[in-house]
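Open the model in your viewer and keep the selection tool at hand.

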Amino acid sequence: MIRIFKLLPLLLLFSFTTSFAQQIQIINKPIVFDEIRAQLSLDYLKRRHNLIQKTPIIIPKMIVLHWTASRSLMGTYNTFNKSILPSSRKALVNASSLNVSSHYLVDRDGSIYQLLPDTVFARHVIGLNYCAIGIENVGSDTYPLTQAQLFANEKLVRYLTRKYNIEYLIGHYEHTWFKNTSLWRETNPYYFSQKIDPGISFMRRIREELQDLNLKGAPPKK
């Protein structure tokens, strides 16, 4: 049994602990992280990443940018705010019944919501969840991300790189490029997905804004 009080110090880290956090106005909007989600996260770490842990935490090395493929912040929040993945998502359920989630959700106007503490495990990127902070942006290929979201993502990445030893910044569509590298930890070589989010243009623009951080991208696609 996972005692949730052991996770409380992490789950209470939705705070403006630095002046920089206050500057970017991170809004606390936690999703459910109950005993079921905690145990499913530990099971995922073991079965999918071959990592046996006592608590579902990560050591962030990477930030992965996403889009929600929807037009609604609350729709995305409600989707994430369940511990168990809906049975309708058969391809994902076959790998794990743990619901998908991310650490941050950025609305169209650039408002930044924190859904999970940075170092709590979230299922958002195959093969790399164990070391990756996920940032979702409300939008899709037919509902392009906004300038306000670009600015918010830039500020959030800068904030996170000040807190952690972040080495990589990638778009979700680049995650499979890490296959055959030491960072890739998916135990099933046939379990992966083809993604296009958050768009090549968005990633090019944010990398231009963040050149000074010297963050690595994904290795060359093979």
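Select Glu154, Arg158 and Asp212: a network of salt bridges links them. A salt bridge here is a side-chain nitrogen of Lys or Arg within 4 Å of a carboxyl oxygen of Asp or Glu. This is a predicted model, in which local features need pLDDT of at least 70, side-chain atom pairs count only at pLDDT 80 or more, and totals for chains, interfaces and linings use all residues. Residues are numbered from 1 along each chain as its sequence is written, and side-chain values use heavy atoms, with hydrogens and water left out.

Stay on Arg158 and Glu154. Their N to O distance is 3.3 Å. They sit 4 residues apart in helix H6, about one helical turn. (Helices are DSSP runs of H or I, at least four residues; strands are runs of E, at least two; both are numbered from the N terminus.) Arg158 is buried at 19% relative accessible area, and Glu154 is buried at 13%. Buried means under 20%, exposed over 50%, partly exposed in between (1.4 Å probe, protein chains only).

Next, select Glu186 and Arg48. Their salt bridge spans 2.7 Å, N to O. It links the loop between S6 and H7 to helix H3, 138 residues apart.

Now pick Lys163 and Asp118, bridged at 2.9 Å. Lys163 is partly exposed at 37%; Asp118 is buried at 3%.

Turn to the backbone. Asp197 and Pro198 are joined by a cis peptide bond, omega about 0 degrees. Finish at Gln25, where phi is near 50 degrees, and Asn50, where phi is near 60 degrees.
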